[in-house]
Amino acid sequence: MRAMFAREITGAGLAITVLLLLAGAGAHASSRKPATASSPNQETHRALAQTVPHMIAWIVARTGWDIESAPPVRFVASARLAKMYYGDEGGSNRPDIHALYSIERHTIYLADTWRADVLRDRSALLHELVHHLQILNKAEVDCPAQYDLQASHLQMEWLRGQGIQDPAKFFNLNEFVIYLMSQCPDYY
Ligand SMILES: [Zn+2]
């Protein structure tokens, strides 16, 4: 199951950790108060539908990619996302998963806690859209970790455009960790 996701096929622990941070794990969870998750309302679906084409145009303008089709986006319960990502492995220490891209299905999965008015959530969507366009446009990388590097850089650039002056700080990352993300392990 986990082999179906772009960065998830790597098994490279660090890249995965960084990704999860970028996808919005942690800090903002507390600002979403409801303990009971509710499915996104119509307004959220509408906002999503409006946002995706803008983001795709933004990504294509920066990368020069030719193909800019929009993937299906599905909302799923956080528990299901975790299962898609981690498989059946146990462990209580795992970061929450907020977004995934399936290479096989060309589909983005967002946690049903996703909200259009939460900047981190929107940036996580942008990140996964980059993965979709990477696959469609056959972006050249030396190893899967570099898909994430590019997606993360674009995500940060987008956040800067939204007024976040230090996106790495926004995600509690530092430059060293970001640098490490770009390193292909020896076994590739
Ligand atoms: Zn990624």
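Reader: What share of the 188 residues of the protein chain counts as buried, and what makes a residue buried here?

Author: Of the 188 residues, 36% count as buried, a label given when 20 or more other C-beta atoms, placed from the backbone, lie within 10 Å of a residue's own, whereas a residue with 12 or fewer is exposed and one in between is partly exposed. The model is predicted, so local features need pLDDT of at least 70 and side-chain atom pairs count only at pLDDT 80 or more, while totals for chains, interfaces and linings use all residues. Residues are numbered from 1 along each chain as its sequence is written.

Reader: What makes up the protein chain in terms of helices and strands?

Author: The protein chain has seven helices and three strands, where a helix is a DSSP run of H or I with at least four residues, a strand is a run of E with at least two, and both are numbered from the N terminus. Read along the sequence, these elements follow the pattern α-α-β-α-β-β-α-α-α-α.

Reader: Why are β1 and β2 said to stand at the edges of the sheet?

Author: The three strands form an open sheet in the order β1-β3-β2, with mixed pairing. Strands β1 (73-76) and β2 (99-102) each have a single partner strand, so one side of each is left without a neighbour in the sheet. Neighbouring strands of this sheet are turned by 25° against each other on average, direction ignored.

Reader: Why is β3 described as largely enclosed by the rest of the structure?

Author: Four of the five residues of β3 are buried, so the strand is largely enclosed by the rest of the structure.

Reader: Is His106 buried, exposed or partly exposed, and what makes its phi stand out?

Author: His106 has 14 other C-beta atoms within 10 Å, so it is partly exposed. Its phi is near 50°, a positive value in a residue other than glycine, and His106 lies in the loop between β2 and β3, a hairpin with four residues between the strands.

Reader: How do you know whether the length of α4 agrees with its number of residues?

Author: The expected span of a helix is 1.5 Å times one less than its number of residues, and for the 18 residues of α4 this gives 26 Å, which agrees with the 26 Å between its end C-alpha atoms. Helix α4 (residues 119-136) lies across β2 and β3, running at about 10° to β2; such angles run from 0 to 180 degrees between N-to-C directions, and the axes are lines fitted to C-alpha atoms, for helices over the stretch in contact. In α4, 15 of the 18 residues are buried, and the helix is thus mostly covered.

Reader: What makes a set of residues a nonpolar core, and which members of the largest one touch the most others?

Author: A nonpolar core is a set of buried Ala, Val, Leu, Ile, Met, Phe, Trp, Tyr and Cys residues joined through C-beta atoms within 7 Å. The largest has 30 residues, of which Ala99, Leu110 and Leu129 touch the most other members. The elements giving two or more residues to this core are α2 (42-63), α3 (78-86), β2, β3, α4 and α5 (145-161). Leaving aside neighbours within four places in sequence, Leu129 is in contact (C-beta atoms, placed from the backbone, within 7 Å) with Val52, Met55, Ile56 and Ile59.

Reader: What makes α5 count as mostly covered?

Author: In α5, 12 of the 17 residues are buried, among them Tyr147, Leu154 and Trp158. Lys138, found in the loop between α4 and α5, is exposed, because it has 9 other C-beta atoms within 10 Å.

Conventions:
Pairing = 2+ DSSP bridges. Contact = placed C-beta atoms within 7 Å.
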